[in-house]
Amino acid sequence: MADIKDLRQEIDQIDRDLVQIFKRRMAWSQAIGAYKKAQGIPVLDKKREEEVLERLTQGEDESTKKAIEGLYDRIFALSRAHQEGLLGKDPEEKIYGLVGEKLGHSFSPRIHQLLSGRPYGLYEVAPEDLEAFLGREDIGGLNVTIPYKKRAFALCDQVSPRASRLKNVNSLLKRPDGSLWGDNTDYGGFVYLLRDLAYDPQGKKALVLGTGGAGQTVRAVLEDLGAQVHMVSRWGPLDYEGAYREEGVQLVVNATPVGMYPHNGKSPLDLSRFPSLEACLDLVYNPLKTALILQAQALGLPARSGLGMLVDQARLSAEIFQGEALPPSKTREIQALLEGELKNLVLIGMPSSGKTSIGQVLAQKLGKDFVDLDQEIERRTGLGIPDYFKVHGEEAFRDLESQLIEVFGKRTGQVIACGGGVVERKENYLPLKQNGTLILIKRPLEDLSSQGRPLSQKEGVEALYRRRRGLYLSWADLALDNRGIQETAGQIEALFKTGAL
């Protein structure tokens, strides 16, 4: 058996190798940063980071996967910081951006770019480093997110009357004398959300989920507008089970991160248990529609996610940073632009209906990524679909298909062509719908080929269509006849660009 000293020498050598590899990685990161600077490309590319993690963790057990994800979270953060340093500034230039502990996906840089054109960074700061970070002399203005809104309030030299009342801030301005001034623009952002929903909370009974900074801000707005507010939390006087015993609840507002990326699909409450419910708001904006919002819409209730609030509070923050007013119309303009950029267009329909060909052309027209789920299965397994069915069977195919839907459904800015049987499992609907509009591509049955399509050959095209027809129609937001690849793709493009999708 080797001596521990020898084992440690091996570890020491591996550590030296790791340092050299890390230095090489940072050198390449610097080169990429130079390219991004030249092209005007933002530093953060979360889609690329997701793809790297997915590739590195494929086939690993759960504990190893978590360890790799933790390691690369830090490597990605260091790489971004390295690139931001390269993209840098002159000594007199101030920094603007978002500060939080774990930022993950953030739309803030894009929003502030649209608002002001000024560089806007993402700053992940450990709790023990927050005070030192906010003391930096080069700060111009910062937005603050989870979990630092209350702590940043305590570190301010002066705050607005509204922030003083709420005891939390989300916008910080470094004044010429070096003092830190704080305000809360979430208040105005939530007012925008209510107005966008055209909902008047006067005299209404509202449940606010979450008692953190966001929840307290929502409470203040609703009480100022005349609502009767009940706060719900896991450990408070009114917990989530107790919330169901509240009678006459008319408005539910989720001010917690439940359902937020990457934990998509979770919901804090079952809205069907509130018979008097009139409306629902969810401050989560990624995904575009949380499970809570989708349930509200399925119940026929007016509902909004948090994207509009995010944009409007950013507009109000930008006013503070720039010292000039920005018209409220900017909020709706930027919100519509972002929704268009982020939305997935999901093509469903019978095998051989033209989803792949139309999807490829459509993605090119709109500048979106294209994903064909069947092709993705073939790429990952090395087997054609007929061979996969022969070797593993339909159930295994459906399992793999559902796994991929979970992965790609969380991403944004895509055209997704689904296999014909995607509607066979109802659990596939929410992951596709959360960021997407579902479009049914129809084609005459006599034009549908069964070649290379196991179920079409096994059951017959007509029988398969009869079995799936109702599912296709119930899932689809829009149904279109395939009138040719270019014409159909152009028709969808026109509907998309006019905001009809």
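## Helices around the largest cavity

Helices α4 (108-116) and α12 (307-322) each supply at least two residues to the lining of the largest cavity; helices here are DSSP runs of H or I with at least four residues, strands are runs of E with at least two, and both are numbered from the N terminus. This is a predicted model, where local features need pLDDT of at least 70, side-chain atom pairs count only at pLDDT 80 or more, and totals for chains, interfaces and linings use all residues. Residues are numbered from 1 along each chain as its sequence is written, and side-chain values use heavy atoms, leaving out hydrogens and water.

The largest share of that lining, three residues, comes from α12. Around the largest cavity sit Tyr-96, His-112, Ser-116, Arg-118, Tyr-120, Ala-318, Phe-321 and Gln-322. A cavity is a set of points on a 1 Å grid over the protein atoms alone where a 1.4 Å probe fits but cannot get out, and lining residues have an atom within 4 Å of a point.

## The second cavity

Leu-44, Arg-80, Leu-103, Gly-104, Leu-122 and Glu-124 line the second largest cavity.

## An open sheet

Let us turn to the strands. Five of them form an open sheet with parallel pairing, in the order β13-β14-β12-β15-β16; two strands pair if DSSP finds at least two bridges between them. Because β13 (369-372) and β16 (478-481) stand at the edges with a single partner strand each, one side of each is left without a neighbour in the sheet.

Strand β15 (residues 436-442) runs parallel to β16 and is joined to it by four bridges. Lys-442 has Asp-481 in β16 as its bridge partner.

Key
On a 1 Å grid over the protein atoms alone, a cavity is a set of points where a 1.4 Å probe fits but cannot get out, and a pocket is an open set with protein on both sides within 12 Å along at least five of seven lines; lining residues have an atom within 4 Å of a point.
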